[in-house]
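Me: I have a structure to read and would like to learn how. Please take me through it feature by feature.

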Amino acid sequence: MSNRRPFDPRLLRRVPATRRHLAVLGLLGVGAAALVITQATALATVLAEAIHGRLDRTALAVFVVTVAARAGLVWAQGVVAARSAAAVKAALRVDLLDAVGRRGPGWLAGQRAGTIATLTGRGLDALDAYFTGYLPQLVLSVTVPIAVLARLTFADWSSALIVAVTLPLIPIFGALLGWQAQAATERQWRRLSRLGGHFLDMVAGLPTLRAFGRARAQVDVVRRMADGHRRATMSTLRIAFLSALVLELVATLSVALVAVPIGLRLLGGGLTLQTALLVLLLTPEAYLPLRAAGSRFHASMEGLTALDEALTLSTREKPGPGVTATPREAAATPAPGGAIRLESVTVDYGRTVALRDVSLTIRPGERIAVVGPSGAGKSTLLGLLLGFVTPTGGRVVTGADRWPATCDEPGLVLVDGAGPADVDLDAWRRRIAWVPQRAHLFAASLADNIRLGHPDAPADAVRRAVRAANLDDVVLGLPDGLDTLLGERGHGLSSGQRQRVALARAFLRVEFAGPEPLILLDEPTSRLDGAAEAVVLDATRRLVAGRTALLVAHRPALLREADRVLRVDDGTVRELTPDRPAPDVVATA
Amino acid sequence: MTPTTAADRTSATVPSPTPAPAGTGGRADTRAGGRGGGGTPAGARRLGAERTVLRLARPYLPRLVGAGLLAAGTEIAGLALMATATWLLMTAAGRPELDTLTVAIVSVRALAIGRGVLRYTERLAGHDAVLRMVTDVRARVFATLAARPGPVAGQRSGDALSRLVSDVEAVQDLVLRVLVPAAAATVVGLLAVAGTAFVSPVAALCLLAGLLVAGVALPVAATALTRRTADRVAPLRGALAVDAVDLTQGAADLAAFGATRGALDRAGTRAAELARLERRLAVTGWAVDGAGTLVVGATVAAVVVAALGADVGGVLVGVLAVGTLAAVEATLALVGAARQWTLLRAALGRVADLLGPDRPAAPAPAAPGPPVPADPSPPMPAGPAGAGSTPDRAPGGSGHDCRLDGVTVRYRAGAAPALDDVHLDLPAGRRIAVVGPSGAGKSTLLGVLTGTVRPTTGTATVDGTDLFGHDPERLPRLVGGLLAEAYVFHATVRENLLLGRADADADELAAAAAAAGLLDWIRQQPDGWDTVVGEDGAQLSGGQRQRLALARALLAAPAVLVLDEPTEGLDPTAADAVLDGVLAGLDPRRSLVLVTHRLRGLTGVDEVLVLDAGRITQRGTAAELARRPGWYRDQWQLQEAAERGYLALGPA
């Protein structure tokens, strides 16, 4: 809701094609201004002759040709503006999504993911109104008034003076009243948005209202709130529309201000009819583009806001704390094996400190359970190992002290708070099989969703993964089996089935990951009930058997798989020993 | 060329002929392909949606007609201003007496002011009328949704929900951006033709032809082009939106599996393809606007030639020419209105479906089915307070008996039953727990008890009368509580809790909050009970949300309290504490049906039912079941062992 400039100069840098489009729009604007003058002159000539009952064929022909040319210009302006809109939208979409890829998932936490998804989708489409509606008028509002004023000065300088004095009133009043309206709107804003959001809130909560027998009683409340919204909106509009009123008055009154004196001067014979008519026809043309731009500005605000957001979000700036940047010149592919060591790692997100000075070694073949209250930093720990999170202090090193060698080997830096990393994160992640708390189902077939683990996996490998993840019965229950489309507009899966898809991904990953995969499980059963949990646990057990694994466990059931148990509490990590060793554990401590 | 009309047209309509400009239309159109059912495909039902929606306009008809007349008046004032000014100049050129011009001079000034004032009142009147109408639409849509059994549209997806809201706004656009400008343009056109016919019938014919092209042919062409554009662009935009969701919501998955690059490339290709299509479609789309300009000029030329040919006086030729210019430009507003309307159709269709019939859906008649045979279920030990089927009308009047007899539920004919011949006797004060693997029928059982799932055979009764004969608004007072997907409203903690029982006093609020383990958190908040919990309770953690929903259910205190996974999302220690608190604080006259996957803490209930594949396979006290071989014992041992291990890890 801030004062937006009518054009964002960042656009020229980010989408170079815009320069060309703007230049063409400028040329078309100059042409349009010339045609406005020609058309008015021709019509004035036709009418000045017509008073004597004569038809000036030449002038009429010029008028018709000019109109045809103007029609062509209108079309060309529209096409160029639409091209510009299409180019800008395509470029910004790619930029935005690239920013997602570049900055990694840590940056996307919380609301930002939703913002970017909406922005990339329909948010940027609001730019159409800006480019095709507002921008061409903005160009015309520079070229046409200048041309009209110049022509009027030649024809009748006193009328030109009136126009020259009143013309600036449009942007000045527009701005003043705009601020006024905005201040009024902002005072109302909280109230308006609360009232406006009420309907959505009520509809979203309808099942709950029904559960308490309050749904029908709430109809009246909805009506009352909607009526309150109407009253609040109307009192805002009474002020907001004042600006339109004043602008309208400036434009129409100046027509009267020009027409009446030249009429009187015609009486005195101080002016030819043709000149008088030209002045009358041209005067409104001077105000037209400014008012059109003004009235379309509001409609294009949504687009400008989206543009500003998109340009800001996709800017290539330094990432904030806790966010992984692409390693600059790091390209080392970590050799398999070796321990992973956290060296005095601190992760400070600004509002909260997720980990404080944590040192920890994960040796090959260990299965480590991580427990602790929610929000204690368990997921951050996994984020560090995935390279999603960069520590604000300390570093994570891989390949250190090759098991079972000395402890002095430096190893490769995976993520470091102080400087660039050594490891190519993509190569590093190829060793990792990750099962998140809530795996995302992509809008693709089930098979392709599993193939995320290894895109080139042959069909029988996918089937093996399906079996290993206890997903067979799910596949059987789907209309097209493995080819069933999932995701946004496809088939939904229950939480338990979703987790088994994630496990199938992990099985596939592990099969192709090379000799020593690292398995990271982030509370894979936290949302499941007993039976679903049992199925997932069964598959999980098979996945981690004999492999290096870090298991974040909110539910107790996973702890039985662990060789070591770490308790994360308020950012610190404490080593615990399970009260009973699991039967199949080889102690590694 | 003419002063005022063109600019106003733009303020009333969205000018872009390229697909989906800002606003509701764009949203609706992008999603047009995304929602099956419910929505009406554009053009499939001729104007049915518009008619349904506009029926709601009836109470506001005088206001709307007034707004339309004011809009027409505005256009006419603009036309008259230019025509009078031209008359003034052309007459003045003949050097008449000044007196002959006085009226014209005054008129020019009056029209100049009048036009602005008319526009201002028109906009206010139009918005006032339409906002009143939208108020009705919201209330009606909500009433329809409230009366409709089953899930609310888009209950699962927030996106579908916000679409519902913007669909309602489409009604506003239909009136303000389509109907009012179209009505004004039509009135102006007709008056202009009539006025011209007085001067010269031939010129009037020329004007009529021009107006028909500008007001009928071009809008029809614009509609067709806009629809074609929307049809071709919508699937691509939809696909791109899905790409965006996958890339953002699935960013971590993609990154972890090194698949980000490929997904980015695919989305980039799609964006480029969309841009190509938009560029191509703009070429034809904007041709309509070019043609509009051409029609204005050609009509003026034709009117001038015709008038001169008919020997109309010179001054009037000028007036006709300038008037024609204004009239045809005003009529071009119909092009914008047609585009807007095309984009609104899908949304209007969805709204019309939700406006539904006038009557609120009455509860269907009681379930068929013969009188119930005697209860064949094994006898149950009496609960602590209630005994047998005698209604325990305690002073609070809260004791009610609830019974299920031979209840079978089949969601589809031929499918395996979700509930299979279930008998359940729930005298006042009895507390039971229902456990079992997922898919065993627990949710269906709760659905039957709370009146949302109708038994295929068998009966559900409260105090001997059919449960489905109760008013669905009052049934929750008898049977209800914490059901799946409890929603936290964007309101204060107090308001959220009072939803359970509007007349609860401070002590009752505190007691319910304490039992759910929420009281400490509330007291820690700077605003205490008046803490506003964010949209969908966003400012609450998952655990606090759950506690809030539980506290609300406890406050509601229906005769039969149903709790579906009340401790979900709480860690084991907290879960134990909360469940103990709930059981301890429960009024002994009230019955409890607790559905849970967690078997700890069930010693406090009278009986545990194990449900498997729709049948009650085991029943008994928690202690008995833990000894008897079966699902319960297996699950109990599994959970106990694991939880003991977990608790041992807690801070010593």
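Me: Leaving aside neighbours within four places in sequence, which residues is B:Thr492 in contact with?

Reply: Some ground rules come before the contacts. This is a predicted model, where local features need pLDDT of at least 70, side-chain atom pairs count only at pLDDT 80 or more, and totals for chains, interfaces and linings use all residues. Residues are numbered from 1 along each chain as its sequence is written, chains are lettered from A and ligands numbered from 1 in the order in which they are written, and side-chain values use heavy atoms, with hydrogens and water left out.
Contact means heavy atoms within 4.5 Å. Beyond its neighbours within four places in sequence, B:Thr492 is in contact with B:Trp529, B:Asp530, B:Thr531 and B:Val532.

Me: Where does B:Thr492 lie?

Reply: Helices (H or I, at least four residues) and strands (E, at least two) are DSSP runs, numbered from the N terminus. B:Thr492 is in the loop between strand E6 (479-482) and helix H14 (493-498) of chain B.

Me: Why does B:Thr492 count as buried?

Reply: Buried means under 20% relative accessible area, exposed over 50%, and partly exposed in between (1.4 Å probe, protein chains only). B:Thr492 counts as buried because its relative accessibility is 13%. B:Ala549 is also a buried residue, with a relative accessible area of 4%. B:Ala549 sits in helix H17 (residues 542-556) of chain B. Not counting residues up to four places away in sequence, B:Ala549 touches B:Leu482 and B:Ala486.

Me: Which residues touch the most other members of the largest nonpolar core?

Reply: In soluble globular proteins, nonpolar side chains tend to be buried together. A nonpolar core is a set of buried Ala, Val, Leu, Ile, Met, Phe, Trp, Tyr and Cys residues joined through side-chain atoms within 4.5 Å. The largest one here has 106 residues, and B:Phe142 and B:Leu602 touch the most other members. Helix H5 (residues 99-147) of chain B supplies the largest share of this core, 13 residues. A second, separate core has 99 residues, including A:Ala33 and A:Leu247.

Me: How many residues of chain B are in contact with chain A?

Reply: The answer is 154 residues of chain B, against 150 of chain A. Buried area is the accessible area (1.4 Å probe) that two parts lose on being put together, summed over both. Chain B and chain A bury about 13300 Å² between them, with 71% of it on carbon and sulfur atoms.

Me: How many salt bridges are there between chain B and chain A?

Reply: A salt bridge is a side-chain nitrogen of Lys or Arg within 4 Å of a carboxyl oxygen of Asp or Glu. Between these chains the count is eight. One joins B:Arg115 to A:Glu248, with the closest N and O atoms 2.8 Å apart. That pair runs from helix H5 of chain B to helix H9 (residues 215-268) of chain A. Both B:Arg115 and A:Glu248 are buried. A:Arg230 and B:Asp128 also meet in a salt bridge (3.0 Å, N to O).

Me: What separates B:Arg132 from B:Asp128 in helix H5 of chain B?

Reply: About one helical turn, because they are four residues apart in that helix. B:Arg132 forms a salt bridge with B:Asp128, the closest N and O atoms being 3.0 Å apart. B:Arg132 is partly exposed at 21% relative accessible area, whereas B:Asp128 is buried at 13%.
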